[in-house]
Amino acid sequence: MVLLKRKFWVFTQFACALIVVVLVINFLYVSTPTLKLPITQVDLKDWNNYELIREDSLRTGFGEHGKGETLTDANEIEENKKLFAEFGMNVLISDKISVNRSIPEYRHQKCYQKKYPKDLPKVSIIIIFVDEYFSIFKRTLHSLYNRTPHELIEEVILVNDHSTKDFLYEPLRIYVQENFPGIKFNIINLKKRHGLMQARVVGAKAAKSEFLFISEPHCEMTYNWLPPLIEPLLNQEKVVTVPIIDNIEWKELMYFENDKGNKGCRGAFDWDLEYKKLNRFPVAEASELEPFLTPVMTGGIFMIRKTYFFEIGPYDPELVIWGAENIEMSLKINLCGGQLLEVPCSHIAHIYRAFTKARKHESGIDFEGFNRKRVVEVWFDDYKQHVYERHKRRYENIDVGDLTEAKKFRKKLKCKSFDYFLKNVAPDLLVNFPLDQYPFAYGQIQLLDENVCLEILFEGDPNKNYEVILNECSKPPVDTQYLELSWYRDIRLREIDGCLDAYKLSSSSCHLSGGNQHFKYDIKSKQIMNMANKQCIEANLEDLSLKFAKCDESLKQQKWIFNEFVNETAISNWSRFGRSFQGDGVYWN
Ligand SMILES: [Mn+2]
């Protein structure tokens with residue numbers, strides 16, 4: 001009896017301990033701010049196509065495994081120059097790479113262990129294109145055909161937004177018919193230019209499936225990209241998913257991993273409304289590869305339900321060509337009851353062009369500025385001034401037209417405020433992109449007492465692209481001469497995403513992390529010094545070239561002025577204003 005009592009006591013003690021453990025686990029689980037999607041019991045399946053992965057691993061040749069390539073033949077180099085000026089990438093290299101080329105695997109190893117429901121719905125895949133280079137487009141389609149389970153493709157809808165190239169009509173139709181048996185294609189040739197957003201709407205209307213995947217015509221789909229993107233939409237009406245976007249660069253068409261790695265990142269924008277990346281919030285290791293909430297999508301590649309796509313608008317119909325629609329849609333999803341998720345086990349590679357040619361609409365309007373101003377007017381509430389103040393010259397003359405309908409729609413969807421977005425959806429946005437990040441100086445960077453200015457070249461010869469030169473100062477300043485010494489201590493174009501880089505004195509996308517893009521202006525000596533190489537920018541008036549040279553205050557050719565605005569207080573208090581870089585010499589000496 002005593003023994004029995006004792007056993008009972010041990011048992012109760014054990015039971016209590018168990019209850020405590022369960023409670024603690026439960027508490028930890030509940031208090032972790034991770035996303036919870038409903039778990040339904042379904043049969044799972046490994047959707048990886050191991051045979052394809054093995055076959056691809058054996059491929060050899062030009063550009064295989066995502067390798068970068070160059071042209072060697074002089075005639076081809078010459079021919080490529082012309083094509084580059086038009087397409088913004090070295091497309092002749094693309095012609096020489098197989099449309100079925102193999103790609104490196106940048107998915108996290110553990111993605112292989114992930115199984116997805118056996119029964120997934122069929123998807124309508126919608127690709128919008130206008131004047132896309134043929135072999136680039138072909139590779140997008142082949143990678144889609146090769147790396148997507150055909151039983152999950154309802155149809156592929158190609159929306160031709162009134163291209164001017166003949167090969168994108170009959171030859172494309174025949175190519176598709178001959179090369180992709182077993183897949184239904186629906187090619188829609190628009191009779192006039194609709195712009196990216198309205199072309200997507202046309203494609204979505206034509207879609208037969210409730211599940212839409214919208215994509216771009218210069219991508220390479222990777223192994224098992226689709227099932228992970230569909231899964232979060234099952235049993236969920238207002239979830240939108242985006243993959244990790246890997247990078248294929250324009251120069252050699254080399255395939256790079258996303259610079260934030262294989263666990264992904266969150267999307268955001270800065271106050272110039274450029275898409276920017278934020279780090280993920282920490283989560284338990286076990287859920288690192290699960291879909292996670294993200295504030296902003298890049299815009300061109302996403303999966304959404306057809307019903308939801310039309311329920312949210314999907315775009316302000318007045319937006320033209322492209323631009324800012326990614327911000328509009330992200331705000332609509334995140335502020336009006338939806339969820340935007342990045343899915344780490346789905347990767348799609350996108351080719352980034354060297355430049356985008358058409359900045360101006362046929363009518364001459366700055367369409368990107370127009371779109372941005374419309375979106376800001378409708379969504380940014382009291383924060384809109386922060387966008388306009390940074391680009392007064394750009395925004396003050398843009399007439400955005402009537403906003404009544406767009407504003408009414410925001411009310412109808414019962415969306416939360418922009419303040420809510422900053423506090424709850426992207427609480428780290430203001431930390432990374434503070435509102436008072438005003439530039440130290442801006443205008444043309446002009447050599448003292450001379451009519452020559454720094455200019456960043458964006459078009460033309462591929463080998464000279466992004467070169468920084470000295471040119472006659474234009475009046476009013478052309479965009480390529482309109483620069484600022486920003487809050488981030490870089491020297492950037494005010495109207496285009498591009499930063500002066502000490503590497504070969506060139507220009508590249510602004511990375512905000514100092515180093516080669518870290519500059520300081522000395523208001524007294526008027527020298528511009530790069531903080532990585534500790535040298536100053538020096539002009540050569542003979543051949544209008546530039547170089548970095550040892551700083552010498554006595555040299556006239558090292559004296560520069562910002563000819564529109566200089567914030568003397570900020571520059572004289574260099575260490576107190578602007579971004580601080582740890583271990584990176586913020587000080588002049
Ligand atoms: Mn693109």
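Let's start out in a loop. Select His65, which sits between helix H2 (50–57) and helix H3 (74–87). Have a look at the backbone there: phi of His65 is near 55°, a positive value in a residue that isn't glycine. Buried or exposed? His65 is in between: it counts as partly exposed, with 15 other C-beta atoms within 10 Å.

Before the next stop, zoom out. This is a predicted model, and its protein has 589 residues, 40% of them buried. Colour by secondary structure and you get 17 helices and 28 strands. Among contacts between residues at least 6 apart in sequence, 74% join residues at least 24 apart.

Now go inside. Select strand E6 (residues 211–215): five of its five residues are buried, so the strand is largely enclosed by the rest of the structure. In a regular strand, side chains alternate between the two faces of the sheet. Show the side chains of E6 and you'll find Phe211, Phe213 and Ser215 on one side, with Leu212 and Ile214 on the other, all of them buried.

Strand E3 (residues 123–129) runs parallel to E6, with five bridges, and Ile127 stands opposite Ser215. Strand E13 (residues 302–305) pairs with E6 in the antiparallel sense over four bridges; here, look for Ile214 opposite Phe302.

Keep that view and bring up the largest nonpolar core, which has 99 residues. Which of its residues touch the most other members? Those are Ile125, Ile126, Leu212, Phe213, Ile230, Phe302 and Met303. Strand E14 (residues 339–352) gives the most to this core, with seven residues. Click on Ile230 too: leaving aside neighbours within four places in sequence, Ile230 is in contact with Leu120, Pro121, Val123, Phe211 and Met303. There's also a second, separate core of 32 residues, including Ala441, Tyr442, Ile445 and Cys499.

Time for two prolines. Select Pro314, in the loop between helix H9 (306–311) and helix H10 (325–335); the peptide bond from Gly313 to Pro314 is cis, with omega near -10°. Then jump to Pro476, in the loop between strand E18 (468–472) and strand E19 (483–485). The bond from Lys475 to Pro476 is cis as well, with omega near -10°.

Last stop: Lys414, in the loop between helix H14 (404–412) and helix H15 (418–425). Lys414 has a positive phi of about 55° although it is not a glycine. With 9 C-beta neighbours inside 10 Å, Lys414 counts as exposed.

Conventions. Residues are numbered from 1 along each chain as its sequence is written. This is a predicted model: local features need pLDDT of at least 70, side-chain atom pairs count only at pLDDT 80 or more; totals for chains, interfaces and linings use all residues. A residue is buried if 20 or more other C-beta atoms lie within 10 Å of its own, exposed if 12 or fewer, and partly exposed in between; C-beta atoms are placed from the backbone. Two residues are in contact if their C-beta atoms, placed from the backbone, lie within 7 Å. A nonpolar core is a set of buried Ala, Val, Leu, Ile, Met, Phe, Trp, Tyr and Cys residues joined through C-beta atoms within 7 Å. Two strands pair if DSSP finds at least two bridges between them.
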